[in-house]
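Please look through the structure shown here with attention to its charged side chains and to its backbone. The briefing is meant to be read beside the structure.

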Amino acid sequence: MLLNIFIIIFTTLRITIHQFLSLKKSYIMAKFGELISFEKPVLIDFYTDLEDSGNMIEILRSVAASLGDTAKVIKIDIKKNEILADALRVKGNPTFMIYKNGQMQWRQTGFQEASTLVGLVKEYI
């Protein structure tokens, strides 16, 4: 069924698979742009389920609670968002990024303590 839909799209619109994937990437990047375009800092944790420990979830909950409404804390699954992860060159797990007004302010791969993340985000408030 899904294959039939793609065939109809490709033949009706006369686009190649490469063009389709390019459109998909553009859409994903536009949505990501909306996600990070805030005056408040946005802390993003790129993770994979296989390596994401319950401890990291608790750390991010603690960070979000400490920051309250002054910042956003978001988790993005690398496996479910491969196009975005590739575009941002996310290679390690976890990879943390802080964005503000659509611009990356900080990036680090590897485990981080809650207090470290809170302190880093507060630098951009």
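The notes below take up salt bridges, a charged surface patch and some backbone features.

This is a predicted model, in which local features need pLDDT of at least 70 and side-chain atom pairs count only at pLDDT 80 or more, while totals for chains, interfaces and linings use all residues. Residues are numbered from 1 along each chain as its sequence is written, and side-chain values use heavy atoms, with hydrogens and water left out.

**Salt bridges**

- Side chains of opposite charge can pair when their charged atoms come close.
- A search of the whole structure finds three salt bridges, where a salt bridge is a side-chain nitrogen of Lys or Arg within 4 Å of a carboxyl oxygen of Asp or Glu.
- Lysine 75 and aspartate 45 meet through their side chains in a salt bridge with an N to O distance of 3.1 Å, and this pair links distant parts of the chain, since lysine 75 is in strand E2 (residues 72-77) and aspartate 45 is in strand E1, 30 residues apart.
- Aspartate 45 is buried at a relative accessible area of 0%, whereas lysine 75 is partly exposed at 31%; buried means under 20% relative accessible area, exposed over 50%, and partly exposed in between (1.4 Å probe, protein chains only).
- Glutamate 58 forms a salt bridge with arginine 61, their closest N and O atoms being 3.0 Å apart, and the two are separated by about one helical turn because they are three residues apart in helix H3 (residues 54-67).
- Lysine 31 and glutamate 34, which both lie in helix H2 (residues 17-36), form a salt bridge with the closest N and O atoms 3.7 Å apart.

**Positive surface patch**

- Lys25, Arg89, Lys91 and Arg107 form a positive surface patch, a patch being made of residues with over 30% relative accessible area and no salt bridge, with like charges joined within 9 Å and nonpolar side chains (Val, Leu, Ile, Met, Phe, Trp, Tyr) within 5 Å.
- Lysine 91 is found in the loop between helix H4 (82-87) and strand E3 (95-100), and it counts as exposed at 71% relative accessibility.

**Backbone features**

- Most residues other than glycine have a negative phi, and most peptide bonds are trans.
- Arginine 89, in the loop between H4 and E3, has a positive phi near 55°.
- Asparagine 101 also has a positive phi near 55°, and this residue lies in the loop between E3 and strand E4 (103-109).
- The peptide bond from asparagine 93 to proline 94 is cis, with omega near -5°.

Conventions: Areas by Shrake-Rupley, 256 points an atom, 1.4 Å probe, with all protein chains shown as cover. Lys, Arg positive; Asp, Glu negative; His and termini not counted. Charge placed at Lys NZ, Arg CZ, Asp CG, Glu CD. Helix = DSSP H or I, 4+ residues; strand = E, 2+ residues; numbered from the N terminus.
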